[in-house]
Amino acid sequence: MDLAKLLKVAEAAVARGRVVTQSRAPGELTSKGDRDMASEVDFAVEREVRAFLERETPEIGVLGEEEGGATDGTRWVLDPVDGTVNFIHGVPLWAISLGLIHEGRAVAGVIDHPALGTTYAAAEGLGATCNEKAIRGSECTDLTEALVAVGDYAVGPDAEAANADRLALTQRLYPRVQRLRMIGTAATALTWTANGYFDALIMFSNKPWDTMAGVAICREAGVTVLDLDGTDHAPESRGVFAVADGIREPLQELIAAKG
């Protein structure tokens with residue numbers, strides 16, 4: 001695959017989505033379940049980006065959060081607005097996230113923050129950038145100095161059971177690390193880990209449109225990205241553990257601990 005060429009396509013696709021977000025308000029909300037929703041902008045961005053990708057790369061499938069699509073093979077994975085709750089409340093932490101999966105691996109990604117004016121991009125073997133400047137992840141080696149991001153708590157009918165592990169991990173982490181952060185957007189948390197703002201990120205969920213672009217960016221920035229059990233991260237992984245190598249072992253022990 002010509003990843004350099006495909007990265008340019010991804011950047012152009014996301015730029016078209018950015019224009020949509022800048023030209024309209026969130027609009028009417030569509031419920032997707034308990035306290036989960038999509039705005040008119042979510043759908044508008046997905047349709048704009050999908051149409052562009054289908055024209056430019058008809059041989060590659062597209063999977064979008066709002067309207068589905070390809071679930072195997074080489075495919076684009078798109079979250080048109082990652083952090084919709086932030087978006088509709090006027091909080092500027094939300095992103096357009098577009099990743100490329102090839103042979104079961106995240107090989108490229110572009111994540112744009114229209115409200116912040118930052119665009120992160122990476123492709124396997126080509127490095128990672130923020131606004132076209134090279135970035136590298138954290139070199140933290142002391143857990144007591146680590147700023148660690150955690151994924152959002154679950155909502156929906158199974159939320160209580162799903163959140164039990166998340167709450168327990170929070171209790172194990174906060175006495176050991178410098179601070180914890182929860183920002184409400186996986187894509188942004190992954191880019192900020194790639195850029196060294198966060199020393200680690202732990203997420204108990206892994207939806208490809210949320211994570212695969214950020215996984216590609218983190219890896220190219222020198223950040224180790226694993227599943228929660230310590231195996232290499234893949235589209236089907238249960239969660240995401242992106243971490244500076246210097247604090248990987250103690251954090252892995254905390255993730256694996258019970259109670």
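Helices (H or I, at least four residues) and strands (E, at least two) are DSSP runs, numbered from the N terminus. What you're looking at is a predicted model, where local features need pLDDT of at least 70, side-chain atom pairs count only at pLDDT 80 or more, and totals for chains, interfaces and linings use all residues. Residues are numbered from 1 along each chain as its sequence is written, and side-chain values use heavy atoms, with hydrogens and water left out.

**Exercise 1.** Work out where S39 lies and whether S39 is buried or exposed.

*Solution.* Start with the strand: S39 belongs to β2, residues 36-39. Next, check accessibility. Buried means under 20% relative accessible area, exposed over 50%, and partly exposed in between (1.4 Å probe, protein chains only). S39 has 0%, so S39 is buried. Last, look for contacts, meaning heavy atoms within 4.5 Å. Skipping residues up to four places away in sequence, S39 touches P26, E28, L29, T84, F87 and I88.

**Exercise 2.** Find the salt bridge partners of E48 and E46, and compare where each pair sits.

*Solution.* A salt bridge is a side-chain nitrogen of Lys or Arg within 4 Å of a carboxyl oxygen of Asp or Glu. E48 pairs with R16, with the closest N and O atoms 3.0 Å apart. That pair links distant parts of the chain, 32 residues apart: E48 is in helix α2 (residues 40-56) and R16 in helix α1 (residues 3-22). Now E46: its partner is R50, at 2.9 Å between the closest N and O atoms. Both lie in helix α2, 4 residues apart, about one turn of the helix. Finally, accessibility: E48 is partly exposed at 26%, while E46 is buried at 0%.
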